[in-house]
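The exercises below go through one protein chain step by step. Try each task on the structure before reading its solution.

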Amino acid sequence: MSEPVRVGLIGSQFISGIHARALQQCPRAETIAVCSPTPGHADNFAKQYQIPRHFTDYRQLLEMDDLDLVVIGAPNHLHCAMTCDAAAAGKHVVVEKPMCLTVEEGRRMVEVARKNDRITQVGTQQRSIPLNNWASDLVKDGAIGKVTEVLAPNFVGPGYWEPK
């Protein structure tokens with residue numbers, strides 16, 4: 001990879017803003033492009049974070065020869081396709097959780113990353129934040145009493161989704 005690492009953001013909503021601000025603080029990274037299919041979003045995002053290039057189709061971003069890494073903050077159901085396309089285009093990938101929606105998608109992502117010798121990292125920062133570890137320890141140690149029910153809402157996978 002180049003020094004600094006040249007980064008492209010796929011997505012221009014909340015999570016991509018977090019990534020853009022963090023990347024601005026990293027001297028070894030330079031954000032050089034952003035993509036969003038929503039008219040005006042990529043342009044406004046690029047202006048806000050001083051990103052020189054913006055696109056409405058992520059495939060245009062992946063065609064950039066001077067791009068090393070993409071950070072995918074797009075809707076969950078697009079993570080697999082975008083990660084595979086990025087690895088196939090020779091880009092390393094940071095993808096937000098959930099990485100994929102099915103085991104088959106996960107296997108495909110690993111296969112494409114290995115075939116193209118690309119690094120893929122899944123954004124699981126919530127798993128290592130000290131406050132979350134402390135709260136988990138409280139539950140494990142019985143500090144909140146006996147846990148009898150846990151609610152874990154999740155994104156409904158593609159096999160169950162129906163358009164309204």
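**Exercise 1.** Which residue just after helix 4 takes a positive phi?

Solution. The residue is G90, with a phi of about 85°. Helices here are DSSP runs of H or I with at least four residues, strands are runs of E with at least two, and both are numbered from the N terminus.

The model is predicted, so local features need pLDDT of at least 70, side-chain atom pairs count only at pLDDT 80 or more, and totals for chains, interfaces and linings use all residues. Residues are numbered from 1 along each chain as its sequence is written, and side-chain values use heavy atoms, with hydrogens and water left out.

**Exercise 2.** State the order of the secondary structure elements in the protein chain.

Solution. The chain has 6 helices and 6 strands. From the N terminus, they run β-α-β-α-β-α-β-α-β-α-β-α.

**Exercise 3.** Find which residues of helix 4 are buried and what they pack against.

Solution. Buried means under 20% relative accessible area, exposed over 50%, and partly exposed in between, with a 1.4 Å probe and protein chains only.

**Exercise 4.** Describe how helix 4 and helix 5 pack.

Solution. Helix 4 (residues 79–88) and helix 5 (residues 103–115) meet at an angle of about 10°, their axes 9 Å apart. Axes are lines fitted to C-alpha atoms over the stretch in contact, and angles run from 0 to 180 degrees between N-to-C directions. The two helices are therefore roughly parallel to each other, the class for angles under 35 degrees. Helix 4 contributes H79, C80, T83, C84, A87 and A88 to the contact, and helix 5 contributes E105, R108, M109, V112 and A113.

**Exercise 5.** Locate the buried residues of helix 1.

Solution. In helix 1 (residues 14–24), S16, G17, H19, A20 and L23 are buried. They cover an arc of only 160° around the axis, so they lie on the same side of helix 1; the arc is that of the directions from the helix axis to the C-beta atoms. Their cover includes strand 1 (5–10), strand 2 (29–35) and helix 2 (41–48).

**Exercise 6.** Classify the aromatic pair in the structure.

Solution. A search of the whole structure finds 1 aromatic pair. The ring centres of F45 and Y49 are 4.6 Å apart and their planes are at 45°, so the pair is tilted. Rings of Phe, Tyr and Trp (its six-membered ring) pair if their centres lie within 6.5 Å; planes under 30 degrees apart count as stacked, over 60 as edge-to-face and the rest as tilted. Both F45 and Y49 are buried.

Terms used
Angles under 35 degrees count as roughly parallel, over 145 as roughly antiparallel, 65 to 115 as roughly perpendicular and the rest as oblique. Contact means heavy atoms within 4.5 Å.
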